[in-house]
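Subject: Structure handover

Hello,

Here is the structure for you to pick up, with notes on what was found in it below.

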Amino acid sequence: MALLRSGIARRWRPASVWMLYVAGLLPAAWGFYLGATGNLGADPVKTFEHHLGLWALRFIVLTLAVSPLRDLGGPNLIRYRRALGLLSFYYVLMHFAVYLVLDQALVPSAVLADIVKRPFITLGMAALLLLVPLALTSNSFSIKRLGRNWSRLHRLVYVIAGLAGLHFALSTKVLAAEHYFYLGLLAVLIAYRIVRSLQPRRGRRRAMQPVATE
Ligand code: HEM
């Protein structure tokens, strides 16, 4: 019985990660469908851009929440952290692609001027660029090859979260409840990480280990 249970668990784990990828990409597919059928309102490009940006932010929050949840006695979702991180990256890429192609019509001078002149675009771009090495090293081969440097590199996710929060806050003239909600979550998660890094190393060895599954 125990053997059967462990066999099912072994098969279920990778399948559940793939299900997360599929479920995680559904909001993008839904937004695309609404856009293609003319159901994205008066300003479809902006609406689609916002939709993808918000999902990028949600996946960043979920990625950061995995360790605190486990440390505080909640469910251990560590095997889903890589998928959540990669989903954040895919949504940022799609958000950027909509900006580049539909908003700026692929005009490099307009994009460059925007990056230089609008601080919230500068911050968003910095977050995207920092996400690239994390996405490229989110695989078992890189974890083994980089060793301890892998964990050091992936701490950048907290810088990215800070940049993304600032980008979100500065993208609007007036902060609404939604902004306070996400900014509050990011602040708590970043503060938690800082407090944990100040604690003695012994107690948190396990929490610092990279995710070598799925
Ligand atoms: C980690 C990276 C990023 C995240 C998490 C992110 C997230 C967001 C979010 C949540 C919004 C606001 C959506 C809303 O108000 O409903 C937004 C707006 C926007 N973002 Fe990003 N973004 C990122 C990177 C970028 C990059 C790289 C660009 C382009 C270079 C960009 C361009 C924009 C634009 C143009 C807006 C709309 C501002 C407006 O309302 O006019 N973002 N982003």
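The iron atom of the ligand is coordinated at 2.0 Å by His-95 (NE2) and His-167 (NE2); donors are N, O and S atoms within 2.8 Å of the metal (3.2 Å for Na, K and Ca), and water is not among the atoms, so sites may look incomplete. His-95 sits in helix α3 (residues 81-103) and His-167 in helix α8 (residues 156-170), 72 residues apart, so the pair links distant parts of the chain. Helices here are DSSP runs (H or I, at least four residues), numbered from the N terminus.

This is a predicted model: local features need pLDDT of at least 70 and side-chain atom pairs count only at pLDDT 80 or more, while totals for chains, interfaces and linings use all residues. Residues are numbered from 1 along each chain as its sequence is written, and side-chain values use heavy atoms, with hydrogens and water left out.

His-167 is buried, at a relative accessible area of 18% (buried is under 20%, exposed over 50%, partly exposed in between; 1.4 Å probe, protein chains only).

The ligand is surrounded by 22 residues, and Lys-46, His-50, His-95, Gly-124 and His-167 are the closest (a residue counts if one of its heavy atoms lies within 4 Å). A polar side-chain atom of His-50 is 2.9 Å from a ligand oxygen atom. For His-167, a polar side-chain atom lies 2.8 Å from a nitrogen atom of the ligand.

The end C-alpha atoms of residues 153-170 lie 27 Å apart, and that span is 94% helix and 0% strand.

Regards

Note on methods: Helix = DSSP H or I, 4+ residues; strand = E, 2+ residues; numbered from the N terminus. Polar contact = N/O pair within 3.5 Å; in protein donor to acceptor, adjacent residues only side chain to side chain.
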